[in-house]
Each structure stands twice: as structure tokens, then as C-alpha cells.
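Subject: Handover of a structure

Dear colleague,

Please find the structure below, together with its sequence. I would be grateful if you kept it open while reading my notes.

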Amino acid sequence: MHRRNALKGLGLAGLGLSVPAASATASHQNLNRGMKPVTITKVKAIATCPHNIELIVVKVETSEPGLYGVGCATFRQRAHAVVSAINDYLDDFCRGKDVDNIEDIWQTAYVSSYWRNGPVLNNALSGLDQALWDIKGKRAGMPVYQLLGGKCRFAVDCYAHGGGKTIEETIENVQRFMDEGYRHVRIQLGGYGAAQMLGGYGNTVDQTPDFKKANFGTPDDNYMNPYLYMKSVPKLFEEVRKACGDEVELLHDVHERLQPLDAINLVKSLEEYRPFFIEDPFSPENIGYFPMLRQQTTVPIAMGELYNSPHEWVNPMTERLFDFIRIHISQIGGITPAVKVARLGEWFNVRTAWHGPGDVSPVGHAANAHIDLAVWNFGIQEAVSFSDTLQEIFPGAPKMKDGYMYINEVPGLGVDVNEELALKYPLPEKNNYNWTQLRRGDGTPVRP
Ligand code: GCO
Ligand code: MG
């Protein structure tokens with residue numbers, strides 16, 4: 001009777017629609033077991049620095065004994081600031097909130113600082129967000145990828161870092177990774193843009209730059225000679241293709257270190273070697289050059305590792321100005337926004353290629369992989385193999401096999417944190433991680 005009146009009231013009686021049966025509502029309550037909501041009791045940062053790499057994760061404790069979640073908040077260059085953003089702000093903001101309401105907690109935390117979209121607060125928010133997805137998976141009894149729609153592939157195809165100090169060493173590394181089963185290998189000569197440190201082509205010609213002779217800058221400043229770097233990359237591709245064949249997918253990271261037109265000319269010069277993608281041809285400040293790049297060449301482009309704000313990715317993605325979105329997902333606030341980025345990309349054929357080097361925690365790598373498994377427009381995943389130390393600090397870390405990443409198939413994200421062991425690797429007192437200040441010969445600072 002009650003249900004029919006409700007339908008009449010809605011004018012839906014003749015449409016055969018039905019108000020959810022009391023049993024359906026009841027089953028929802030069963031899911032929550034009709035008990036009072038599980039709430040957040042503490043949000044804390046766990047900072048650890050194994051192998052001298054600062055890693056930050058967030059642990060969210062709840063009102064249900066033994067139920068907690070962990071999430072990645074790793075921004076190694078400003079680790080202490082992220083720890084403070086978590087412990088001094090997010091903890092108080094979150095206490096008492098219902099763990100189920102991830103979107104509401106994300107949206108309200110996102111604007112709670114009013115000014116937003118910066119790397120420090122976004123990383124703190126990411127740690128919270130990923131921990132809440134971990135908790136939701138544990139409560140649902142499912143790995144997080146199931147909550148995102150289930151698997152769209154059996155495992156996560158990855159690329160390895162196959163660089164070297166010389167072309168010969170790079171070829172050896174590419175061959176080694178191919179022998180390990182990788183289908184994709186990134187090739188770099190020397191550090192990012194730093195071929196000239198070895199005199200180009202891996203020679204050990206003395207390249208003491210003028211600014212060092214003039215005693216300008218600081219002792220740990222690096223030198224970049226764009227001409228030598230630009231000449232070294234096509235040579236590197238040519239030799240690796242000759243030695244390793246045409247099938248292996250080769251990637252390269254320009255790392256934003258060239259003037260935009262030099263970057264466009266470099267990308268064009270690589271066409272004949274069929275790169276899988278060329279990464280970060282421009283700095284985020286120079287994304288206005290993408291339309292010119294798109295007119296000049298069809299080499300696939302990856303961009304986004306340095307993005308923090310939707311203002312940086314929405315337009316280039318909807319304009320199809322690059323092919324792979326390379327976001328470091330903790331830099332934009334975690335799984336919740338990253339899934340939205342992935343879904344946006346599907347409509348514009350932009351594929352995912354989340355940032356995943358050594359300075360992402362194993363929890364962050366797992367978060368990458370859960371999204372990778374579930375979205376249709378997955379592109380490729382950057383991956384590292386975790387040392388024994390990292391696997392002890394982060395039990396359940398994803399595993400690599402034949403160039404594929406496999407997550408721990410348990411409810412949640414599948415990675416835990418051994419807090420006692422993590423504390424054995426404290427952050428350096430003064431977080432003097434000054435990301436490779438790079439200068440031209442005259443000392444002009446280069447965006448790294
Ligand atoms: C990559 C990145 C990294 C970054 C590093 C910064 O493509 O993996 O460029 O190597 O330089 O994560 O801390
Ligand atoms: Mg990069």
C-alpha cells in the first residue's frame with residue numbers, strides 16, 4: 001500500500017517503475033550492518049627514507065578496531081612540508097568523518113585550505129584519499145580495482161629504465177630488459193639532458209662549463225649543453241634500433257630541458273626510429289607550444305608528470321595535444337581525481353601512463369596499478385622493481401614478472417606499512433633535496 005501511494009505521488013504508477021523495495025534498502029543497511037558509521041579516528045604521516053629516497057604515506061585509523069587504510073603522499077623534494085600538511089591540518093579536519101564518504105571528504109578537504117591545487121596539499125590529500133579507498137576495499141572484501149569496475153586486462157604492462165653512461169651501456173641494458181620480458185624500455189644517455197656531462201655520445205671529454213670556471217652558482221649545479229644533448233639522442237635511437245631491432249618499444253624523456261623549438265626539432269628527428277612516446281618535450285609553463293608540435297610531427301607524446309591542477313590537463317587532453325597522460329597521481333590528490341582524469345582521457349583517446357619511478361612509494365605504485373587494471377584507455381605503466389628493504393617496509397608491494405606488474409590480490413590496495421621498520425630510515429633532518437639545479441654554460445638556470 002505504502003509503495004503504491006508513493007508511486008502515485010510521483011505520478012509513476014502507470015510506468016511499472018518501482019520504489020526500491022524495503023528489502024533493497026534493508027540489504028544496503030545489511031552492507032553497513034545497520035551499525036553506526038565507521039569513522040576516522042586519526043590521520044597520520046609515516047615518513048621513511050630507504051635508499052636515501054624520501055617516501056611519505058598516510059595511515060588512516062578508524063573507529064572499527066583493526067580497520068585502517070594506507071595511501072601514498074610522496075613528494076620527496078618537500079617531504080617535511082607534506083608531513084606537516086597531514087599531521088597539522090588533515091588529521092584534525094578528518095576526525096569523526098564517515099570513512100564511506102570518500103568523494104565528500106575529498107571535495108571538502110580540497111577546498112578546506114581555500115587556496116588549492118598545489119603539490120604539498122595535494123600529496124597530503126592523496127594519502128588520505130588512497131587510504132580511504134584501501135579501507136573501502138577492505139570493508140567490501142574486494143581489491144580496489146573491483147570497486148572501479150573490475151579488470152580490463154590480465155596484468156599491467158610496464159616500461160623499464162634502460163639508460164646508460166654510454167650508448168654501448170644503454171644497449172646492454174635494453175637487451176637485458178628485453179631478456180627479462182619487457183616489451184617497452186626507456187632509453188636515456190647519461191642523466192636527463194645530461195649527455196654533455198660526458199662530452200656527448202658518452203665520451204669523457206672534460207666539459208667544465210664556464211659558469212663553474214667563473215665560480216658562479218653552487219657546487220652541486222649541473223651543466224647542460226643543449227646542442228650536444230640534441231645531437232646525442234637520434235644517435236642513441238639509431239644505435240639501439242640497430243642493435244636491438246625494430247620491435248621493442250623505445251621511450252625517451254626530454255624532461256622539459258630544451259627550448260620549445262629545439263624540443264620540436266628533436267622530436268621530428270626521431271620519427272624514423274618510431275618512438276613509443278617522447279615524454280615532457282616542454283615544461284608545463286610552455287604547453288602553449290603543443291599545437292605547433294602536433295602540426296610538425298606524429299611522434300606520440302607523453303606529458304603530465306609535473307601537473308598539479310586541472311587547469312593544466314583538461315584543455316590539452318580535450319584538444320588531443322598529447323597521447324599519454326603522465327600524472328604523478330599523488331600530485332593531484334590521489335585515486336579519486338586520477339580516475340576522473342582517466343575517464344576524461346577515454347573520450348579523447350588519451351591513454352594513461354602514470355608516473356612511477358623510484359620516488360613513488362610501493363603504496364603509490366599499487367594505486368597506479370589498480371587504476372591501470374580497471375580503465376579501458378590504459379597506455380603503459382612506468383615501473384621499478386622493489387628492493388628487499390622496500391618489500392619489508394611495504395609488505396604486499398606489487399611484483400614484476402615478464403614486464404608485467406601484478407598487484408597483491410587481497411581486499412583494498414594490498415600494501416601494508418611496517419611502521420617500526422619504516423622508522424629505522426628517518427627523513428634527513430634538513431630536507432636539502434634540491435632537485436638537480438641545471439645551468440647553461442653561462443650559468444642561466446634551466447627548468448629541470
Ligand atoms: C620519470 C621522471 C622522474 C623524475 C623524478 C623527480 O619520468 O620517471 O622524470 O625521473 O625526474 O621522479 O623526482
Ligand atoms: Mg619524466
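The notes that follow cover the ligand, the aromatic rings and a pair of strands.

This is a predicted model, in which local features need pLDDT of at least 70 and side-chain atom pairs count only at pLDDT 80 or more, while totals for chains, interfaces and linings use all residues. Residues are numbered from 1 along each chain as its sequence is written, chains are lettered from A and ligands numbered from 1 in the order in which they are written, and side-chain values use heavy atoms, with hydrogens and water left out.

I begin with the ligand. Around ligand 1 there are 13 residues (a residue is near a molecule if one of its heavy atoms lies within 4 Å of it), and the closest are Tyr 192, His 255, Glu 305, Asp 359 and Glu 382. Polar contacts are pairs of N or O atoms within 3.5 Å. An oxygen atom of ligand 1 lies 2.4 Å from a side-chain N or O atom of Asp 359; for Tyr 192 the corresponding distance is 2.6 Å, and for His 255 it is 2.7 Å. Taken alone, ligand 1 exposes 340 Å², of which the protein buries 91% (areas by the Shrake-Rupley method with a 1.4 Å probe).

Next come the aromatic rings. The whole structure holds 13 aromatic pairs, meaning rings of Phe, Tyr or Trp (its six-membered ring) with centres within 6.5 Å; planes under 30 degrees apart are stacked, over 60 edge-to-face and the rest tilted. Phe 177 and Tyr 182 form an edge-to-face pair, 5.4 Å centre to centre with 85° between the planes. Both of these residues are buried (under 20% relative accessible area; exposed is over 50%, and partly exposed lies in between). Phe 276 and Phe 324 make a tilted pair at 5.2 Å and 40°. Phe 276 lies in the loop between helix H10 (260-269) and strand S8 (277-279) and Phe 324 in strand S10 (residues 324-325), so this pair ties together parts that are 48 residues apart in sequence. Helices (H or I, at least four residues) and strands (E, at least two) are DSSP runs, numbered from the N terminus.

Finally, strands S1 (residues 40-48) and S2 (residues 55-62) pair in the antiparallel sense over eight bridges; pairing requires at least two DSSP bridges. Ala 45 has Val 58 in S2 as its bridge partner. The two strands form a hairpin with six residues between them, and His 51 in the turn has a positive phi of about 55°.

Yours sincerely,
A colleague

Note on methods. Buried means under 20% relative accessible area, exposed over 50%, partly exposed in between (1.4 Å probe, protein chains only). A polar contact is a pair of N or O atoms within 3.5 Å; within protein, one must be able to donate a hydrogen and the other to accept it, and residues adjacent in sequence count only if both atoms are side-chain atoms.
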